[in-house]
Structures are given as structure tokens and as C-alpha cells.
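Q: I would like to learn how to read strands and charged pairs in a model. Can we work through one case?

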Amino acid sequence: MNRISAIGLLTIASLATCTGAIAQQLKANIPFGFTVGNTWMPAGEYTISSPLRQVVQVRSADLAKIATIVSPQSSNEPGSGSKLVFDKYGDQYFLRRVLSSSIASLNLDIPQGKAEKTARSRSLEAKVHNGEETMVAAK
């Protein structure tokens, strides 16, 4: 009998842990293609989560595209509401920051990938980068 009780308690604890992990995510409809780290993502519906401390995962709704990168905590305050901040170089967008007013573990700065460094360098050489940031609301 004790064994059954222990297994039941373990199952309940596991479900509670999984439910907490599922709740630790944001959803956003991003109207343009963008890059996360070195992974290009098409426009569409995305789920942003932090499965581990300082790890961010961006998944498309159909799970066709998934990007997972290690990311330091953001020093920026999210303010009201959750949002994704993108840097734009020419016609390319790069996820720069995730800010969440309700999930502290999702306040992350996204490190530049090789593609962003190249795009930034080109735009600086061409003197066309104006420091433009684009924000997308997340829920």
C-alpha cells in the first residue's frame, strides 16, 4: 500500500512540475521573418519559453522551426505587458530581447549570432543602420 501511495504522490508532483513549466511561456504572432541566434524563422505564431535557467526556446506553432540558445538575463525592466524586441538591419530582423511582465525567467537578452553580426557590419559600412528597434507584443 505504501508503494502505491508513493507512486501516486510522485505522479502528482511530476504533473505539478510539468504544469508549472508549461505555464512559463509567451505566445506571439510575429508578422515578419526573423533570426534567433543563427536560425531563420518565418513570419507566424510562436511560443517563447525558458525550459532551463538562461535558456530561451522559440518554437513555431507547427513545430517546423525551433531555435534554442543560451541567453543572459536582461537588465531591462519589462514595463507593462510582455514584448519581443527586434533589431532591424536593412530588411532583416533579429530577436534581441524577450521581456515579460509576468515571468521573470523570460526576461532575456539574446546574443548576436553570426548572421546578425554580418548584417550589422554591412549596414554600418553602408551607413544605413539607424538603430531601429521593432517591438512585438506577446501574451
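A: We can; note that this is a predicted model.

Q: How many bridges join strand E4 to E5?
A: Four bridges join E4 (residues 44-49) to E5, and the two strands run antiparallel. Within this pairing, Ile48 has Val58 of E5 as its bridge partner.

Q: Which residue in E6 stands opposite Gln57?
A: Gln57 stands opposite Thr68. E5 and E6 (residues 66-70) pair in the antiparallel sense over five bridges. They also form a hairpin with five residues between them, and Leu63 in the turn has a positive phi of about 60 degrees.

Q: Are the two faces of E5 covered or uncovered?
A: In a regular strand, side chains alternate between the two faces of the sheet. Here Val55, Gln57 and Arg59 are buried on one side of E5, and Val56, Val58 and Ser60 are buried on the other. Six of the six residues of E5 (residues 55-60) are buried, so the strand is largely enclosed by the rest of the structure.

Q: How many salt bridges does the structure hold?
A: Side chains of opposite charge can pair when their charged atoms come close. The structure holds two salt bridges. One joins Asp87 and Arg96, with the closest N and O atoms 3.3 Å apart; both residues are buried. The other joins Asp109 and Arg97 at 2.6 Å, N to O.

Q: What does the pair of Asp109 and Arg97 tie together?
A: Asp109 lies in strand E9 (residues 108-109) and Arg97 in strand E8 (residues 92-99), so the pair ties together parts that are 12 residues apart in sequence. Both Asp109 and Arg97 are buried.

Notes: Residues numbered from 1 in each chain as written. Predicted model: local features only at pLDDT ≥ 70, side-chain atom pairs only at ≥ 80, totals over all residues. Heavy atoms only, no water. Buried < 20%, exposed > 50% of the residue type's maximum accessible area, 1.4 Å probe, protein only. Pairing = 2+ DSSP bridges. Salt bridge = Lys/Arg side-chain N within 4 Å of Asp/Glu carboxyl O.
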